[in-house]
Amino acid sequence: MEESQGDFLPSDVPESTSSNNCERNTSSAHSNRWSGFPGVKKRGHSSRSWIKIDQDGNVKILELDKAKIMRQCSLPSRDLRLLDPLFIYPSTILGREKAIVVSLEQIRCIITAEEVILMNSLDINVVQYKSELCKRLQAKKDQSDDLPFEFRALELALELTCMSLDVKVKELEMEIYPVLDELASSINTRNLERVRRLKGHLLTLTQRVQKVRDELEHLMDDDGDMAEMYLTEKKLRSEGNTPHEINPLTNFSGGTRQVSKSAPVSPIASTSGAPRLQRAFSSIVTASKQGSLTSSHGGDNIEQLEMLLEAYFVVIDHTLSKLLSLKEYIDDTEDLINIKLGNVQNHLIQFELLLTAATFVATLFAAVAGVFGMNFAASIFDYPSAFSWVLIITGAGCGLLYFSFLLYFKYKKIFPL
């Protein structure tokens, strides 16, 4: 029996080995199949190059993935899509719990209370924003500034965006005004095509400027959104509330025991028979109290951010007014061209009317000639001067008829004569 078992043992080992090889080949085939698609990436492992600028103006290049940024800045995934250069989104400024998401033209960054995380790009606006922000932070390191760090970073983004849009508007003005003047004096296909192309650029630029203006106006109209953007103040307040978190139910001030307004109700200390309801109700009350406390504490300081936004709102509104005036100038030029074309069309209609009347008169003359050209016997052919009299009478009648048409046109004021 032992010999029989020994005979069967070597044949069993290759079976298990072959089965393992089959499993490995299957897994490798699956991996090779998915690796054949270069665009397919594993979820959460795609990282990008970011520029990190701290409060002292120090720059550091980092490789961060989306999940790490979401954890660090407490941002949802939809906010990070605004920063993706592969997607085209309108200008947006979002205030979150720990960060401000800024997407203004090519400047797309995340501003926190301590640093700015900027998408690493070779765009001129991004490079200018990085260099200018570092220069201002290093210059104001030893100087006292009323604005917190996040507002200085936001101010620079707004400033560069407004300047960039204003420069584009000036370039468009310098290009479109001569073309419109040339089109008003000479209407041809080449000038019309140039105006059509420039008008498309004007509409696109107007939409971009209008979106930035609407975003600033929306922020200024909502005190809650502006209060959310005070990141430094919220950070200092959270650090100041750390001792209260240790003993949330009491707050000793001058020897008197006081209950903290933002302290959550402990479900353990509750004597109610429904701890879940008590816990849910206490969380709702706590959130509302914290929100009211934040708004009441930062209500006076909201004016600081509102003045900052209002200053750039005036700038972008002036840029938008220049675009609207440029559009009105294009509309006026189009109206002038339509008037000129209408005038030319009226002249053509008048000439066509005169030509039609002359054709009618000539047709009558030809009808008389056709009657006398028939082959029939008549006594008028016996007089040699009859042919001349027929020509004179027919010509005078046709001329009188044409002159009557002209008088009728003048009487009806179809065209001046």
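These legends describe close-up views of a predicted model of one protein chain.

**Figure 1. The whole chain and the confidence of the prediction.**
The protein chain has 12 helices and 8 strands. Of its 417 residues, 29% are buried. Among contacts with a separation of 6 or more, 63% join residues 24 or more positions apart. The average pLDDT of the chain is 76, and 73% of the residues score at least 70. Helix α6 (residues 189–221) has the highest mean pLDDT among the elements, at 93. Strand β7 (residues 251–253) has the lowest, at 34. Two stretches call for care. Over residues 1–45 the pLDDT is below 50, and this stretch has 2 contacts in the model beyond near neighbours in sequence. Residues 242–299 also have a pLDDT below 50, with 28 contacts beyond near neighbours in sequence. Where pLDDT is low, predicted coordinates should not be read in detail.

**Figure 2. The largest nonpolar core.**
This core holds 60 residues. Ile-93, Ile-111, Val-116, Tyr-129, Leu-216 and Leu-305 touch the most other members. Helix α5 (residues 149–185) gives the largest share of the core, 16 residues.

**Figure 3. Leu-305 and Met-229.**
Not counting residues up to four places away in sequence, Leu-305 touches Phe-151, Leu-154, Met-226, Met-229 and Tyr-230. Met-229 sits in the loop between α7 (223–228) and α8 (231–240). Is Met-229 buried or exposed? Met-229 is buried, because its relative accessible area is 0%. Leaving aside neighbours within four places in sequence, the contacts of Met-229 include Ile-93, Gly-95, Ile-100 and Glu-150. Phe-151, Leu-154, Leu-219 and Leu-305 are in contact with Met-229 as well. Ile-302 lies 73 residues from Met-229 along the chain, yet their C-alpha atoms are separated by 9.4 Å.

**Figure 4. Lys-322 in helix α11.**
Lys-322 belongs to helix α11 (residues 302–372). Lys-322 counts as buried because its relative accessible area is 14%, under the 20% cut-off. Which residues is Lys-322 in contact with, leaving aside its neighbours within four places in sequence? They are Asp-166, Val-169, Lys-170 and Glu-173.

**Figure 5. The second largest pocket.**
This pocket has a volume of about 460 Å³. Its lining is made of 21 residues. Pro-85, Phe-87, Glu-105, Gln-106 and Arg-108 lie nearest the centre of the pocket. Strand β1 (47–54) and helix α6 each supply at least two residues of the lining. The largest share, 3 residues, comes from α6. By type, the lining divides into 8 nonpolar, 7 polar and 6 charged residues.

A probe the size of a water molecule, rolled over the atoms, shows where empty space is left. How many cavities of 30 Å³ or more does a search of the whole structure find? The search finds 2. The second largest cavity has a volume of about 40 Å³. Leu-104, Glu-105, Gln-106 and Ile-107 are among the residues that line this cavity. Asn-125, Leu-160, Thr-161 and Ser-164 line it too. Helix α5 gives the largest share of the lining, 3 residues. The lining divides into 3 nonpolar, 4 polar and 1 charged.

**Figure 6. Two loop residues with positive phi.**
Most residues other than glycine have a negative phi. Ser-74 has a positive phi, near 55 degrees, and is not a glycine. Ser-74 lies in the loop between α2 (66–73) and α3 (77–81). Ser-74 counts as partly exposed because its relative accessibility is 35%. Glu-105 is not a glycine either, and its phi is positive at about 55 degrees. Glu-105 is found in the loop between β4 (100–104) and β5 (107–111). Is Glu-105 buried or exposed? Glu-105 counts as buried because its relative accessibility is 17%, under the 20% cut-off.

Note on methods: Residues numbered from 1 in each chain as written. Predicted model: local features only at pLDDT ≥ 70, side-chain atom pairs only at ≥ 80, totals over all residues. Heavy atoms only, no water. pLDDT = per-residue confidence, 0-100. Helix = DSSP H or I, 4+ residues; strand = E, 2+ residues; numbered from the N terminus. Contact = heavy atoms within 4.5 Å. Core = buried A, V, L, I, M, F, W, Y, C linked by side-chain atoms within 4.5 Å. Buried < 20%, exposed > 50% of the residue type's maximum accessible area, 1.4 Å probe, protein only. 1 Å grid on protein atoms, 1.4 Å probe; cavity = no way out; pocket = protein on both sides within 12 Å on 5 of 7 lines; lining within 4 Å. Points joined across faces, edges and corners; volume = space filled by probe spheres on them. Nonpolar A, V, L, I, M, F, W, Y, C, P; charged D, E, K, R; others polar.
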